[in-house]
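Please look at the sequence and the model below before reading on. The paragraphs that follow go through the fold, the surface, the charged pairs and the confidence in turn.

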Amino acid sequence: MNALVQVAAEESENPLIPPIPELVIGLIAFAIVFFFLAKKLLPNINRVLEERREAIEGGMEKAEATQAEAQQVLEDYRAQLADARHEAARLRQEAQEQGAALIAEMRAEGQRQREEVIAAGHAQIEADRKQAAQTLRQDVGRLATDLAGRIVGESLEDVARQSRTIDRFLDELEAKTNDGSKAEAGR
């Protein structure tokens with residue numbers, strides 16, 4: 001029967017429920033571990049977690065500040081770029097105006113030089129015409145004197161008289177030429 005009592009006693013013990021002394025020792029060990037965790041380990045874990053949270057928030061704030069600074073730098077760059085473009089456009093316009101002024105100045109200088117050349121040419125032509133007329137007068141006078149001397153049969157070598165005669169003859173000839181051109185112009 002002893003074996004039956006033992007089997008019956010074993011059947012009365014539930015394997016899921018631990019014996020009371022083991023339960024008490026387990027509770028005391030759990031309380032010691034819980035106390036150790038609550039007093040020593042949990043504050044350290046909370047402190048590390050708090051530092052990590054602050055570092056993450058600080059990093060986010062720093063990232064936001066850096067992003068705001070980058071945005072400001074970008075806006076400054078764009079403003080400087082716009083200013084540089086305006087300055088380049090102003091310089092280009094100024095260069096075009098200076099070029100136009102220089103072209104106008106060079107044209108005026110060219111016009112002035114052309115007029116000087118034309119005036120010098122006209123003066124040279126007039127001087128050449130007067131010299132040719134003078135030479136022609138002398139040649140015509142000499143020829144007329146020689147011819148008159150042959151017709152008259154005596155020499156007209158007196159230079160003063162010869163010069164007066166030639167001048168009078170040429171003046172009469174010019175007067176006839178001028179009267180003829182006036183008469184043609186009147187028609």
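**Reading the helices of a predicted model**

In an unreviewed entry, UniProt places the feature "transmembrane region" at residues 20-38. The chain as a whole has three helices and zero strands, so that, by the DSSP runs used to assign the elements, its order from the N terminus on reads α-α-α.

How much of the chain is buried? Buried residues make up 3% of the 187 residues, where buried stands for a relative accessible area under 20%. The chain exposes about 16600 Å², and carbon and sulfur atoms supply 61% of that area.

One part of this surface can be followed residue by residue, because a nonpolar patch of about 600 Å² is made by Val33, Phe36, Leu37, Leu41, Leu42, Ile45 and Leu49. Leu37, one of the residues of the patch, is found in helix 2, which covers residues 20-152.

The aromatic side chains can be taken next. The count of aromatic pairs comes to one. That pair is formed by Phe30 and Phe34, whose rings are stacked, with 6.2 Å from centre to centre and 25 degrees between the planes; the pair is called stacked because planes under 30 degrees apart fall in that class. Phe30 and Phe34 are four residues apart in helix 2, which means that about one helical turn separates them. Are these two residues buried or exposed? Phe30 is exposed, and Phe34 is exposed as well.

Attention can now pass to the charged side chains. Side chains of opposite charge can pair when their charged atoms come close. A search of the whole structure finds eight salt bridges, and three of them are described here, among them the one in which the side chains of Glu51 and Arg47 meet, at 3.5 Å from N to O. Because Glu51 and Arg47 are four residues apart in helix 2, about one helical turn lies between them. Glu51 counts as partly exposed at 44% relative accessibility, and Arg47 likewise counts as partly exposed, at 44%.

A second salt bridge brings together the side chains of Glu57 and Arg53, at 2.8 Å from N to O. Glu57 and Arg53 both lie in helix 2, four residues apart, and this spacing is about one turn of the helix. Glu57 is partly exposed, with a relative accessible area of 36%, while Arg53 counts as partly exposed at 37% relative accessibility.

Which residue forms a salt bridge with Glu87? The partner is Arg90, and the closest N and O atoms of the two side chains are 2.3 Å apart. Glu87 is partly exposed, with a relative accessible area of 35%, and Arg90 is partly exposed too, with 41%. Being three residues apart in helix 2, Glu87 and Arg90 are separated by about one helical turn. Elsewhere, salt bridges that share partners join Glu50, Arg53 and Glu57 into one network, which places the bridge between Glu57 and Arg53 among linked contacts.

The chain averages a pLDDT of 83, and 83% of the residues score at least 70. Where in the chain is confidence lowest, and where is it highest? It is lowest in helix 1, residues 2-12, at a mean of 57, and highest in helix 2, at 89. Where pLDDT is low, the predicted coordinates should not be read in detail.

Notes
Residues numbered from 1 in each chain as written. Predicted model: local features only at pLDDT ≥ 70, side-chain atom pairs only at ≥ 80, totals over all residues. Heavy atoms only, no water. UniProt positions renumbered as here; feature names shortened; annotations may be inferred. Helix = DSSP H or I, 4+ residues; strand = E, 2+ residues; numbered from the N terminus. Buried < 20%, exposed > 50% of the residue type's maximum accessible area, 1.4 Å probe, protein only. Areas by Shrake-Rupley, 256 points an atom, 1.4 Å probe, with all protein chains shown as cover. Patch = residues over 30% accessible without salt bridge, like charges linked within 9 Å, V, L, I, M, F, W, Y side chains within 5 Å. Salt bridge = Lys/Arg side-chain N within 4 Å of Asp/Glu carboxyl O. Phe/Tyr/Trp six-rings, centres within 6.5 Å; stacked < 30°, edge-to-face > 60°. pLDDT = per-residue confidence, 0-100.
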